[in-house]
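Morning, everyone. Please have the sequence and the model open while I talk.

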There are 2 protein chains.
Amino acid sequence: MAITVVGSVAFDTIETPAGRKERCLGGAATHFSLAASFFTDVRVIAVVGEDFGPEQEAVFKARSIDIRGIEHASGKSFFWEGSYLDNLNEARTHATELNVFGAFQPKIPDEYRDSEYLFLANIDPVLQKRVRDAMPNVKLVAGDTMNYWIKDHKPALLEVLKGLDILLINDTETKMLAGNNNLVQAAREVMSYGPRMLVTKHGEYGATAFFGAILNGFNGKTFRAPALPLEEVVDPTGAGDSFAGGFFGYLASQPTLTPSVLRSAMFYGSVMGSFAVERFGTERIAQLTRKEVDERFTQFRELTHLD
Amino acid sequence: MAITVVGSVAFDTIETPAGRKERCLGGAATHFSLAASFFTDVRVIAVVGEDFGPEQEAVFKARSIDIRGIEHASGKSFFWEGSYLDNLNEARTHATELNVFGAFQPKIPDEYRDSEYLFLANIDPVLQKRVRDAMPNVKLVAGDTMNYWIKDHKPALLEVLKGLDILLINDTETKMLAGNNNLVQAAREVMSYGPRMLVTKHGEYGATAFFGAILNGFNGKTFRAPALPLEEVVDPTGAGDSFAGGFFGYLASQPTLTPSVLRSAMFYGSVMGSFAVERFGTERIAQLTRKEVDERFTQFRELTHLD
């Protein structure tokens, strides 16, 4: 089943202990769609500037991602510059230039309208809601957000959460959104805002799924997927979006939601996140094979299963 | 098979967001031996003062722990006061009174000499080494340490590590000991000092086992055990020692070391750690039943296993 994703397609300049890379292809919708494309058809809604050309398009096309919803505007694409020199778990932002993204008005191509799955990547909740409302017939909606929207745009964000089945955010964001320092209590509070399932990501420690009303008889249960202990993290940018892509892409590839499907989705999320950080930007996932994905899935099973 | 453990038996005054408790029974050897007693026979070597009486002895005896190696000295027992008001993952120490522990010279009762398992809880590495050397015929030796010994007593600690099969410490200690901020690289470095297996504990995120030469053909593999997402952490004191007790107690109860036994040991460690934090001091583990241990083991399996 096809996923439509709305979010940023951007250029990132990134500095990590492994080096510095100028203007990598980046953006949440980019990382999400590349990861999800290993499991299902993906359609992107975004806006780019004149600096986005055939070279960047080729990255999407090589993974058969539908980019008819990527609008070309005059000006420059969204640009972010950041570093992870002190702490690989937290970026220091040096520059954010919205450029064409500042006036982004998502338009949904007719060809996207039969998408059964919708992912609202981390953008202004006002835009997230507009896309959500424009696609009322989707079967499952998941989304992401960040501390900036939680702190300064909470009313708009709460409107988005009402229409969300699954929210994927990190621990700190979960606690901040709920105003509660206990993760379990915060998760319950966040699910009372709308989402029927919450996935909290813990960076190098994996992720926890809190199940709400998403599955009959599963309410209140939890599931933990690990992260792979990695010898070297080259670039953490996009790890969370790649997790979301693996997670939601796998869900969209399955006929029904079962406990086993949701658990496997958590593992595929961790698998895609673990690849994302191995090289700068989209380099690793763009060159990945399905065989490597399956091999790492097996590795994650061995990492966590008793037998 | 019996475990001999050497370490502190103490009184702790603890303040957490859940409240304040004066002079709980505590100490690494106490928490370790209570947790390990659910799996195997445990024998304690420690020193206590005149404030340690029948009430404290009863806690050990109720779990059939051999305390003939607890020496009674004139003076007061080791005392620690700390709080976790800002951060449940890190104690703030308000007072440490070594008291009778300051002149502790571990003596090994003859009845303990046939112990096949030895646990060196977190004490002065000079004493750890003395006990290790005095029991050359044990089958397996595990131990713990802390930042204080790593920073200021490294040469003595390195001597202990040479004679250790399994070291159990937390992430920060692993990185500090190796002088390397990448956990995987740090783990490999630490194992080059002696231990054939390293267990790094991540607090609320569980623990990772790094396998070295402990098992043929398993070198370089890892295993991750989760921690239970908890609604309330009453008191984190002793969680790490309880983890070690569950882990090593289970190992000592099994005839041989296999991958499956080591993985289950990681789970039993997490299980005992998860109980420890539910009440102050030793309260929870002292009242625990084996049935509850097994039920939580099943819960940990459901929390992590795909099927």
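A salt bridge here is a side-chain nitrogen of Lys or Arg within 4 Å of a carboxyl oxygen of Asp or Glu. A:Arg284 and A:Glu292 make one, with N and O 3.1 Å apart.

Some ground rules. This is a predicted model, where local features need pLDDT of at least 70, side-chain atom pairs count only at pLDDT 80 or more, and totals for chains, interfaces and linings use all residues. Residues are numbered from 1 along each chain as its sequence is written, chains are lettered from A and ligands numbered from 1 in the order in which they are written, and side-chain values use heavy atoms, with hydrogens and water left out.

Back to that pair. Buried means under 20% relative accessible area, exposed means over 50%, and partly exposed is in between, with a 1.4 Å probe and protein chains only. A:Arg284 is buried at 9%. A:Glu292 is partly exposed at 26%.

The structure has 44 salt bridges over all chains. Helices (H or I, at least four residues) and strands (E, at least two) are DSSP runs, numbered from the N terminus. In helix 3 of chain A, residues 125-134, A:Asp133 and A:Lys129 sit 4 residues apart, about one helical turn. Their salt bridge has its closest N and O atoms 2.8 Å apart. A:Asp133 is partly exposed at 46%, and A:Lys129 is partly exposed at 27%. In chain B, helix 11 holds B:Asp294 and B:Arg290, also 4 residues apart. They meet in a salt bridge at 3.1 Å, N to O.

Now the inside of chain A. How many residues of helix 1 are buried? The count is 9 of the 9, so helix 1, residues 28-36, is largely enclosed by the rest of the structure. Contact means heavy atoms within 4.5 Å. Leaving out residues up to four places away in sequence, A:Val293 touches several residues, among them A:Phe38, A:Tyr268 and A:Met272.

Next, aromatic rings. Rings of Phe, Tyr and Trp (its six-membered ring) pair if their centres lie within 6.5 Å; planes under 30 degrees apart are stacked, over 60 edge-to-face, and the rest tilted. There are 33 such pairs over all chains. B:Phe39 and B:Tyr250 are edge-to-face, because their planes stand at 90°, with centres 6.3 Å apart. B:Phe39 is in the loop between helix 1 and strand 4 of chain B and B:Tyr250 is in helix 8, so the pair ties together parts 211 residues apart in sequence. B:Phe39 is buried at 11%. B:Tyr250 is buried at 12%. B:Phe52 and B:Phe60 are tilted, at 6.2 Å and 50°.

Last, where the chains meet. Which chain gives how many residues to the contact? Chain A gives 33 and chain B gives 33. Buried area is the accessible area (1.4 Å probe) that two parts lose on being put together, summed over both. Here it is about 3,000 Å², with 46% from carbon and sulfur atoms. The interface has 6 salt bridges. A:Glu302 and B:Lys221 form a salt bridge, closest N and O atoms 4.0 Å apart. On the side of chain B that touches chain A, helix 11 of chain B gives the most, with 5 residues.

That's it from me.
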